[in-house]
Amino acid sequence: MTVTAATTVPARVVRLRVPWLAAGVVAVLLALVLGVMIGPVSIPAGSVIRELLSHVPFLGVRSHLSSQDAAIITELRLPRVVLALLVGSMLSMAGASYQGVFRNPLADPYLLGAAAGAGLMVTIVIVLRSAASSTDQLVPIAAFAGALGAVALSYVVGRNAGGGSVVTLILAGVAITSFLTAIQAYLLQQNSDTLREVYTWILGRLNTARWSDVLLVLPYFAVATVVLLFHRRVLDVFAVGEQEASTLGIPVARTRLVIVIAASLATAAAVAVSGLIGFVGIIVPHAVRMVAGASYRVILPLSILFGGAFLVLADLVGRTVMAPAELPIGVITAFLGAPFFVVVLRTSLRSAR
(Lines give C-alpha, C1' and ligand atoms only; values in the text may rest on other atoms or scores of the structure.)
Protein backbone atom coordinates (compact mmCIF):
# COMPACT_ATOMS: atom_id res chain seq x y z
CA MET A 1 0.00 0.00 0.00
CA THR A 2 2.83 2.38 0.82
CA VAL A 3 4.59 1.86 -2.49
CA THR A 4 1.33 2.32 -4.38
CA ALA A 5 0.69 5.62 -2.64
CA ALA A 6 4.19 6.74 -3.43
CA THR A 7 3.84 6.00 -7.12
CA THR A 8 0.54 7.80 -7.60
CA VAL A 9 2.11 11.26 -7.28
CA PRO A 10 4.63 10.80 -10.13
CA ALA A 11 1.91 9.29 -12.34
CA ARG A 12 -0.24 12.38 -11.82
CA VAL A 13 2.67 14.72 -12.49
CA VAL A 14 3.53 13.13 -15.85
CA ARG A 15 0.63 14.96 -17.51
CA LEU A 16 2.14 18.27 -16.44
CA ARG A 17 5.65 17.50 -17.63
CA VAL A 18 5.50 18.88 -21.18
CA PRO A 19 3.87 22.26 -20.40
CA TRP A 20 6.03 22.80 -17.33
CA LEU A 21 9.21 21.92 -19.20
CA ALA A 22 8.13 24.30 -21.95
CA ALA A 23 7.59 27.01 -19.33
CA GLY A 24 11.06 26.31 -17.94
CA VAL A 25 12.69 26.60 -21.34
CA VAL A 26 10.82 29.86 -22.02
CA ALA A 27 11.96 31.20 -18.63
CA VAL A 28 15.59 30.39 -19.46
CA LEU A 29 15.39 32.00 -22.91
CA LEU A 30 13.64 35.09 -21.52
CA ALA A 31 16.20 35.45 -18.74
CA LEU A 32 19.01 35.01 -21.27
CA VAL A 33 17.72 37.77 -23.54
CA LEU A 34 16.97 40.17 -20.66
CA GLY A 35 20.34 39.52 -19.03
CA VAL A 36 22.20 40.29 -22.25
CA MET A 37 19.97 43.18 -23.30
CA ILE A 38 19.92 45.29 -20.12
CA GLY A 39 22.99 47.19 -18.96
CA PRO A 40 24.75 50.57 -19.09
CA VAL A 41 24.61 50.30 -22.89
CA SER A 42 21.04 49.42 -23.87
CA ILE A 43 20.73 47.05 -26.81
CA PRO A 44 17.31 46.28 -28.38
CA ALA A 45 15.94 42.79 -27.83
CA GLY A 46 15.72 42.09 -31.56
CA SER A 47 19.39 42.95 -32.06
CA VAL A 48 20.35 40.76 -29.09
CA ILE A 49 18.41 37.80 -30.48
CA ARG A 50 19.96 38.22 -33.95
CA GLU A 51 23.44 38.44 -32.41
CA LEU A 52 22.87 35.27 -30.38
CA LEU A 53 21.41 33.38 -33.34
CA SER A 54 24.32 34.46 -35.54
CA HIS A 55 26.59 32.22 -33.45
CA VAL A 56 24.39 29.15 -34.01
CA PRO A 57 25.79 27.02 -36.85
CA PHE A 58 23.81 26.44 -40.06
CA LEU A 59 21.12 29.05 -39.30
CA GLY A 60 22.67 31.68 -41.54
CA VAL A 61 21.50 34.58 -39.34
CA ARG A 62 23.65 37.73 -39.58
CA SER A 63 24.01 40.31 -36.85
CA HIS A 64 23.74 44.01 -37.68
CA LEU A 65 25.40 45.23 -34.48
CA SER A 66 28.59 47.24 -34.49
CA SER A 67 31.75 45.47 -33.44
CA GLN A 68 31.67 47.37 -30.13
CA ASP A 69 28.11 46.32 -29.26
CA ALA A 70 28.82 42.75 -30.39
CA ALA A 71 31.85 42.64 -28.10
CA ILE A 72 29.75 43.92 -25.19
CA ILE A 73 27.38 41.02 -25.71
CA THR A 74 29.81 38.19 -26.42
CA GLU A 75 32.70 39.15 -24.15
CA LEU A 76 31.03 40.89 -21.20
CA ARG A 77 27.36 40.10 -20.75
CA LEU A 78 26.93 36.67 -22.31
CA PRO A 79 29.58 34.86 -20.22
CA ARG A 80 28.08 36.39 -17.08
CA VAL A 81 24.56 35.31 -18.02
CA VAL A 82 25.62 31.80 -19.04
CA LEU A 83 27.62 31.39 -15.83
CA ALA A 84 24.60 32.54 -13.81
CA LEU A 85 22.46 29.98 -15.63
CA LEU A 86 24.90 27.19 -14.78
CA VAL A 87 25.44 28.24 -11.16
CA GLY A 88 21.72 28.70 -10.51
CA SER A 89 20.96 25.31 -12.07
CA MET A 90 23.64 23.53 -10.04
CA LEU A 91 22.62 25.08 -6.73
CA SER A 92 18.95 24.35 -7.38
CA MET A 93 19.36 20.72 -8.36
CA ALA A 94 21.82 20.17 -5.50
CA GLY A 95 19.34 21.65 -3.02
CA ALA A 96 16.49 19.53 -4.40
CA SER A 97 18.64 16.41 -4.21
CA TYR A 98 19.71 17.11 -0.63
CA GLN A 99 16.08 17.67 0.36
CA GLY A 100 15.14 14.34 -1.16
CA VAL A 101 18.00 12.21 0.08
CA PHE A 102 17.87 13.63 3.63
CA ARG A 103 14.07 13.90 3.69
CA ASN A 104 14.45 17.42 5.05
CA PRO A 105 12.57 20.28 3.33
CA LEU A 106 14.99 22.84 4.81
CA ALA A 107 18.13 21.20 3.42
CA ASP A 108 20.24 23.30 1.08
CA PRO A 109 23.45 22.66 -0.91
CA TYR A 110 25.57 23.84 2.03
CA LEU A 111 24.05 21.39 4.53
CA LEU A 112 27.21 19.28 4.93
CA GLY A 113 29.62 22.18 5.29
CA ALA A 114 30.45 23.07 1.69
CA ALA A 115 30.11 26.79 2.35
CA ALA A 116 32.23 26.70 5.50
CA GLY A 117 34.95 24.63 3.85
CA ALA A 118 35.09 26.86 0.79
CA GLY A 119 35.08 30.01 2.91
CA LEU A 120 37.91 28.76 5.10
CA MET A 121 40.13 27.76 2.20
CA VAL A 122 39.52 31.04 0.36
CA THR A 123 40.34 32.95 3.55
CA ILE A 124 43.59 31.00 3.93
CA VAL A 125 44.58 31.74 0.32
CA ILE A 126 43.83 35.46 0.69
CA VAL A 127 45.66 35.70 4.01
CA LEU A 128 48.74 33.89 2.68
CA ARG A 129 48.76 35.39 -0.80
CA SER A 130 52.03 36.51 -2.27
CA ALA A 131 50.69 38.27 -5.38
CA ALA A 132 47.30 39.38 -6.62
CA SER A 133 47.58 37.33 -9.82
CA SER A 134 48.33 34.11 -7.97
CA THR A 135 45.42 34.79 -5.63
CA ASP A 136 43.02 35.11 -8.54
CA GLN A 137 44.15 31.74 -9.87
CA LEU A 138 44.12 29.95 -6.53
CA VAL A 139 40.78 31.17 -5.14
CA PRO A 140 38.55 28.95 -7.34
CA ILE A 141 40.76 25.93 -6.73
CA ALA A 142 40.81 26.55 -2.98
CA ALA A 143 37.03 27.06 -2.85
CA PHE A 144 36.38 23.86 -4.79
CA ALA A 145 38.77 21.80 -2.67
CA GLY A 146 37.47 23.29 0.57
CA ALA A 147 33.83 22.59 -0.30
CA LEU A 148 34.46 18.98 -1.27
CA GLY A 149 36.80 18.43 1.68
CA ALA A 150 34.22 19.67 4.18
CA VAL A 151 31.49 17.46 2.71
CA ALA A 152 33.81 14.44 2.77
CA LEU A 153 34.78 15.15 6.38
CA SER A 154 31.12 15.49 7.39
CA TYR A 155 30.27 12.21 5.68
CA VAL A 156 33.17 10.34 7.33
CA VAL A 157 32.36 11.74 10.77
CA GLY A 158 28.65 10.98 10.39
CA ARG A 159 29.27 7.46 9.13
CA ASN A 160 31.73 6.61 11.91
CA ALA A 161 29.58 8.17 14.62
CA GLY A 162 26.22 6.67 13.74
CA GLY A 163 26.48 4.33 10.79
CA GLY A 164 25.64 7.03 8.26
CA SER A 165 22.04 7.62 9.25
CA VAL A 166 20.36 10.76 7.93
CA VAL A 167 20.18 12.45 11.35
CA THR A 168 23.81 11.67 12.13
CA LEU A 169 25.01 13.04 8.79
CA ILE A 170 23.09 16.27 9.28
CA LEU A 171 24.44 16.70 12.80
CA ALA A 172 27.96 15.98 11.55
CA GLY A 173 27.50 18.66 8.90
CA VAL A 174 26.40 21.16 11.55
CA ALA A 175 29.42 20.31 13.72
CA ILE A 176 31.93 20.54 10.86
CA THR A 177 30.39 23.81 9.68
CA SER A 178 30.71 25.34 13.15
CA PHE A 179 34.30 24.15 13.52
CA LEU A 180 35.47 25.44 10.14
CA THR A 181 33.61 28.74 10.59
CA ALA A 182 35.34 29.22 13.93
CA ILE A 183 38.76 28.77 12.30
CA GLN A 184 37.82 31.23 9.57
CA ALA A 185 36.63 33.78 12.14
CA TYR A 186 39.93 33.46 14.01
CA LEU A 187 41.95 34.01 10.81
CA LEU A 188 39.90 37.07 9.91
CA GLN A 189 40.28 38.48 13.42
CA GLN A 190 44.04 38.10 13.14
CA ASN A 191 44.14 39.54 9.61
CA SER A 192 41.52 42.27 9.61
CA ASP A 193 43.00 43.85 6.47
CA THR A 194 41.59 40.94 4.46
CA LEU A 195 38.01 41.35 5.70
CA ARG A 196 36.75 43.32 2.73
CA GLU A 197 38.22 40.96 0.17
CA VAL A 198 36.95 37.83 1.93
CA TYR A 199 33.44 39.19 2.44
CA THR A 200 33.26 40.34 -1.16
CA TRP A 201 33.76 36.71 -2.10
CA ILE A 202 31.39 35.40 0.59
CA LEU A 203 28.54 37.63 -0.64
CA GLY A 204 28.83 36.13 -4.10
CA ARG A 205 29.86 37.74 -7.35
CA LEU A 206 29.40 37.18 -11.05
CA ASN A 207 30.86 40.47 -12.25
CA THR A 208 34.21 38.82 -12.99
CA ALA A 209 32.67 36.07 -15.11
CA ARG A 210 34.67 34.95 -18.14
CA TRP A 211 34.27 32.20 -20.70
CA SER A 212 37.06 30.32 -18.91
CA ASP A 213 34.81 30.15 -15.82
CA VAL A 214 32.00 28.72 -17.94
CA LEU A 215 34.30 26.07 -19.37
CA LEU A 216 35.58 25.30 -15.87
CA VAL A 217 32.17 24.44 -14.41
CA LEU A 218 30.57 22.92 -17.51
CA PRO A 219 31.95 19.37 -17.02
CA TYR A 220 30.81 19.31 -13.38
CA PHE A 221 27.40 20.60 -14.39
CA ALA A 222 27.08 17.88 -17.04
CA VAL A 223 28.18 15.03 -14.75
CA ALA A 224 26.04 16.14 -11.80
CA THR A 225 22.99 16.67 -14.01
CA VAL A 226 23.22 13.23 -15.59
CA VAL A 227 23.77 11.44 -12.27
CA LEU A 228 21.03 13.28 -10.36
CA LEU A 229 18.46 13.00 -13.14
CA PHE A 230 19.24 9.28 -13.36
CA HIS A 231 18.38 8.97 -9.65
CA ARG A 232 15.23 11.11 -9.70
CA ARG A 233 12.95 8.05 -9.34
CA VAL A 234 15.05 6.81 -6.43
CA LEU A 235 14.54 10.16 -4.70
CA ASP A 236 10.80 9.60 -4.97
CA VAL A 237 11.24 6.30 -3.12
CA PHE A 238 13.50 7.94 -0.51
CA ALA A 239 10.72 10.46 0.13
CA VAL A 240 8.53 7.57 1.30
CA GLY A 241 11.21 6.12 3.56
CA GLU A 242 14.50 4.24 3.61
CA GLN A 243 12.81 1.03 4.72
CA GLU A 244 10.60 1.06 1.65
CA ALA A 245 13.66 1.73 -0.51
CA SER A 246 15.45 -1.29 0.99
CA THR A 247 12.35 -3.43 0.45
CA LEU A 248 12.44 -2.52 -3.25
CA GLY A 249 16.07 -3.68 -3.45
CA ILE A 250 17.72 -0.23 -3.48
CA PRO A 251 21.13 -0.16 -1.73
CA VAL A 252 20.28 2.84 0.46
CA ALA A 253 23.72 3.76 1.82
CA ARG A 254 25.50 3.44 -1.53
CA THR A 255 22.79 5.28 -3.44
CA ARG A 256 22.73 8.09 -0.89
CA LEU A 257 26.50 8.42 -1.20
CA VAL A 258 26.32 8.67 -5.01
CA ILE A 259 23.63 11.37 -4.82
CA VAL A 260 25.53 13.33 -2.16
CA ILE A 261 28.76 13.16 -4.20
CA ALA A 262 27.02 14.39 -7.37
CA ALA A 263 25.19 17.20 -5.55
CA SER A 264 28.38 18.18 -3.71
CA LEU A 265 30.35 18.31 -6.98
CA ALA A 266 27.76 20.68 -8.40
CA THR A 267 27.83 22.83 -5.25
CA ALA A 268 31.63 22.94 -5.12
CA ALA A 269 31.87 23.93 -8.78
CA ALA A 270 29.29 26.68 -8.30
CA VAL A 271 31.05 28.01 -5.20
CA ALA A 272 34.42 27.97 -6.96
CA VAL A 273 33.36 30.48 -9.62
CA SER A 274 30.66 32.54 -7.90
CA GLY A 275 31.34 32.57 -4.16
CA LEU A 276 28.62 31.78 -1.66
CA ILE A 277 25.15 32.47 -3.03
CA GLY A 278 22.56 31.43 -0.51
CA PHE A 279 18.91 30.35 -0.62
CA VAL A 280 18.81 29.39 -4.31
CA GLY A 281 18.75 25.72 -3.37
CA ILE A 282 15.75 26.32 -1.11
CA ILE A 283 13.71 28.88 -3.06
CA VAL A 284 13.60 27.19 -6.46
CA PRO A 285 12.93 23.52 -5.53
CA HIS A 286 10.19 24.52 -3.09
CA ALA A 287 8.59 26.89 -5.57
CA VAL A 288 8.57 24.09 -8.14
CA ARG A 289 7.16 21.68 -5.56
CA MET A 290 4.35 24.09 -4.71
CA VAL A 291 3.16 24.65 -8.27
CA ALA A 292 4.20 21.55 -10.25
CA GLY A 293 3.99 18.62 -7.84
CA ALA A 294 5.99 16.66 -5.29
CA SER A 295 7.62 14.09 -7.57
CA TYR A 296 11.36 14.43 -8.09
CA ARG A 297 10.78 13.35 -11.67
CA VAL A 298 9.47 16.86 -12.20
CA ILE A 299 11.22 18.75 -9.36
CA LEU A 300 14.76 18.02 -10.58
CA PRO A 301 14.46 18.97 -14.27
CA LEU A 302 12.37 22.03 -13.48
CA SER A 303 14.78 23.09 -10.73
CA ILE A 304 17.59 22.99 -13.28
CA LEU A 305 15.68 25.25 -15.67
CA PHE A 306 14.02 27.66 -13.26
CA GLY A 307 17.11 27.77 -11.01
CA GLY A 308 19.22 29.10 -13.85
CA ALA A 309 16.57 31.62 -14.88
CA PHE A 310 16.11 32.75 -11.27
CA LEU A 311 19.79 33.48 -10.72
CA VAL A 312 20.11 35.38 -14.01
CA LEU A 313 17.20 37.62 -13.02
CA ALA A 314 18.54 38.04 -9.47
CA ASP A 315 21.90 39.07 -10.91
CA LEU A 316 20.13 41.47 -13.27
CA VAL A 317 18.42 43.13 -10.30
CA GLY A 318 21.73 43.33 -8.44
CA ARG A 319 23.51 45.12 -11.26
CA THR A 320 20.71 47.56 -12.16
CA VAL A 321 18.88 48.51 -8.96
CA MET A 322 21.74 50.77 -7.80
CA ALA A 323 23.45 51.37 -11.13
CA PRO A 324 26.23 52.19 -11.80
CA ALA A 325 27.09 50.44 -8.50
CA GLU A 326 26.27 46.75 -8.07
CA LEU A 327 24.70 44.89 -5.18
CA PRO A 328 26.31 41.50 -4.43
CA ILE A 329 24.08 38.78 -5.79
CA GLY A 330 24.13 37.03 -2.42
CA VAL A 331 22.37 40.05 -0.93
CA ILE A 332 19.58 39.79 -3.52
CA THR A 333 19.03 36.06 -3.00
CA ALA A 334 19.10 36.48 0.78
CA PHE A 335 16.59 39.32 0.60
CA LEU A 336 14.25 37.05 -1.34
CA GLY A 337 15.17 33.81 0.38
CA ALA A 338 14.91 34.70 4.06
CA PRO A 339 11.13 35.39 3.98
CA PHE A 340 10.65 32.35 1.75
CA PHE A 341 12.58 30.22 4.25
CA VAL A 342 10.20 31.34 7.01
CA VAL A 343 7.22 30.35 4.86
CA VAL A 344 8.74 26.92 4.18
CA LEU A 345 9.51 26.47 7.88
CA ARG A 346 5.95 27.30 8.91
CA THR A 347 4.53 25.00 6.24
CA SER A 348 6.79 22.16 7.38
CA LEU A 349 5.81 22.60 11.02
CA ARG A 350 2.10 22.61 10.14
CA SER A 351 2.40 19.44 8.06
CA ALA A 352 4.33 17.73 10.86
CA ARG A 353 1.49 18.28 13.37
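In the predicted model, Met93 touches Phe221, Ala224, Thr225, Leu228, Ala266, Leu300, Ser303 and Ile304, residues up to four places away in sequence being left out, where contact means heavy atoms within 4.5 Å. Met93 is also, together with Tyr98, Phe102, Trp201 and Phe238, one of the residues that touch the most other members of the largest nonpolar core, a set of 100 residues. Such a core is defined as buried Ala, Val, Leu, Ile, Met, Phe, Trp, Tyr and Cys residues joined through side-chain atoms within 4.5 Å, and buried means under 20% relative accessible area, with over 50% counted as exposed and the range in between as partly exposed (1.4 Å probe, protein chains only). Helix 4, which spans residues 67-101, gives the most to this core, with 15 residues.

The model is a predicted one, in which local features need pLDDT of at least 70 and side-chain atom pairs count only at pLDDT 80 or more, whereas totals for chains, interfaces and linings use all residues. Residues are numbered from 1 along each chain as its sequence is written, and side-chain values use heavy atoms, with hydrogens and water left out.

The secondary structure of the chain comes to 15 helices and zero strands, these being DSSP runs numbered from the N terminus (helices H or I, at least four residues; strands E, at least two). Ser154 lies in helix 6, residues 132-162, and is buried, with a relative accessible area of 0%. Beyond its neighbours within four places in sequence, Ser154 is in contact with Leu112, Leu169, Ala172, Gly173 and Ile176. In helix 10, residues 232-240, the buried positions include Val234, Leu235, Asp236, Val237 and Phe238, and just after this helix Gly241 takes a positive phi of about 155°.

The C-alpha atoms fill a box of roughly 65 × 55 × 35 Å along the principal axes. Buried residues make up 49% of the 353 residues, and of the contacts with a separation of 6 or more, 75% are accounted for by residues 24 or more positions apart.
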